[in-house]
Amino acid sequence: MASTREKRELYEAKQRAVKYYNENGVPKKIEEIMNSMFYDNPADVYGYLSKYFETLAKPPTVSKITARQAYDSKGQPTVQTEVHGTVKNEDKLLYTHVSSTTNSSLLDNVRVEEREVDDQQRQENISAAINILNSDINNRIHATDPTQQDEVDRVIMKLYEELKVIEDERLAKEAEEMIKDDGESSHREDDKASVASGKKGKNSAKKGKSQAAVYVPDEPKEKLLCGSNAFTAISQATCCAAAQVKHVDIYEHVACLRHGEIPEKFSVPLPMVTIIQSGRAAPGKLNCVKEFMVIPKHDMPLKKSMTYIQQIYNYVAKQFFAKGGTATKLVNDIGAMCPTFDKAEQGLDLLQEAITNCGLTAGEDFFIGLNCAGPEMFDYEKGKYEVMVGIAKVADDLVEFWSDLLTRYPSIIAIIDPMRKQEEEAWMRLCDRISDRCLVIGSRAYHRPGLLKDEELTENFKSSGIAFKLEQLNTVSDVLTCVKKMEGKNRK
């Protein structure tokens, strides 16, 4: 009896095994690879088999997201995101990503009190982002394929919209309660407020009239959910994890996302390196140039370019040291020197001298780029651009200012944000005047990629190029979509 039962159980187990293997196509696949391997005659038989069966494995999926606070290259607190995945039945860490610090919306020359408030808000955003990553995002993208960037970004942005609605409803409810509470107390103060208002009216009538500055105001700042940087962090981390899974470099994976396949040839981005930092927050009277950059010609090998850039940097540092001692060699958090300049010509002459010292020709072998940071030099009280301390210009005069500077310094090949984007007519006139010899690049002149991708581009405002940044609420898919959109409009 026992022997019969064991035979029956063994037979049933064999039948289940046959069914299992047939449903998964194992016998057929083994037959195919065995026949193929016989003719290929590989030196490493098991390596050949391993590579074959690896192609048949299920795609890796995200199993867990872990986030914590870390510090970036500037020593600022930021978010570290770990993406864990299931690869060939094994759970492993796919990638660890440390987000760069989100640029502050404050100008460089704000008061210390404002900077402290901004730092506190930054810390609150980081804490909120870590909480969102470890909870909501972890649950939403569980079991998703990291190589499907569009799907990952779609899922996380849908989550953001849901969280934003919940937060808006909460704030609206709090506002209603505050209005209700204030309404009762306001009735008691009506009489006193009316009397005080009447006295103010009499006093104000005696004062002289003041002329307010007339200018196009800035757009209202976009209200983002606290912790919104979590969505950019997970988009970047997933993109990097996908490259690891595919055993390719990150730039190859991004190129594949953009073109649909990995291109045969790649071109290295042209380096634009900041040598000198100036602007309103720096010492001296110069406000109209925030960064002086050097740019090699497009066909110069990268290794050679970086060697020359280092020589230019060292030459400039030596000149500052010779004139002002060790203090003049101090650098900021991006490694740029911060001397005292009173006019733009000082920085331009020094860079051209450094380029010449390397045996190069400024304007042929190496060029100069300027980050003008137009919004930062705008004086909202005067409604003018304070190009230098005590010298203010309206937008029309600024067009002439930049045109004259570029005429005298033809080695300048790029300017970034020469004025605010609200000066549409002046911006376009400047483009017409200089775009044949100089790139006009917009950094703050356009909305962030997450909004720009859905906007209709007009001919009333354009630029030679746009700087896209993976920060705030932007995703990898947003940036790639905007790149394709701008290239289609010849706005590279």
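1. Two strands are taken to pair if DSSP finds at least two bridges between them. Helices (H or I, at least four residues) and strands (E, at least two) are DSSP runs, numbered from the N terminus. On this basis, strand β5 (residues 291-296) and β6 run antiparallel and are joined by six bridges. M293 has G369 as its bridge partner in β6.

2. The model is predicted: local features need pLDDT of at least 70, side-chain atom pairs count only at pLDDT 80 or more, and totals for chains, interfaces and linings use all residues. Residues are numbered from 1 along each chain as its sequence is written, and side-chain values use heavy atoms, with hydrogens and water left out.

3. β6 also pairs with strand β10 (residues 412-416), here in the parallel sense and over four bridges. Within this pairing, I368 stands opposite I412 of β10.

4. How much of strand β6 is buried? Buried means under 20% relative accessible area, exposed over 50%, and partly exposed in between (1.4 Å probe, protein chains only). Six of the six residues of β6 (residues 366-371) are buried, so the strand is largely enclosed by the rest of the structure. Both faces are covered, with F366, I368 and L370 buried on one side and F367, G369 and N371 on the other.

5. A further sheet is open and has three strands in the order β1-β2-β3, paired antiparallel. β1 (61-71) and β3 (90-98) are at the edges; each has a single partner strand, so one side of each lacks a neighbour in the sheet. From one strand to the next, the twist averages 20°. Eight bridges connect β2 (residues 77-87) with β3, and V83 is partnered by Y95 of β3.

6. Helix α6 (residues 229-246) packs on this sheet and touches β1, β2 and β3, with its direction at about 125° to that of β3. Angles run from 0 to 180 degrees between N-to-C directions, the axes being lines fitted to C-alpha atoms, for helices over the stretch in contact. Q236 belongs to α6 and, at 16% relative accessibility, counts as buried. Leaving aside residues up to four places away in sequence, Q236 touches H97, L470 and V476; contact means heavy atoms within 4.5 Å.

7. Helix α2 contains I30, which counts as partly exposed because its relative accessibility is 38%.
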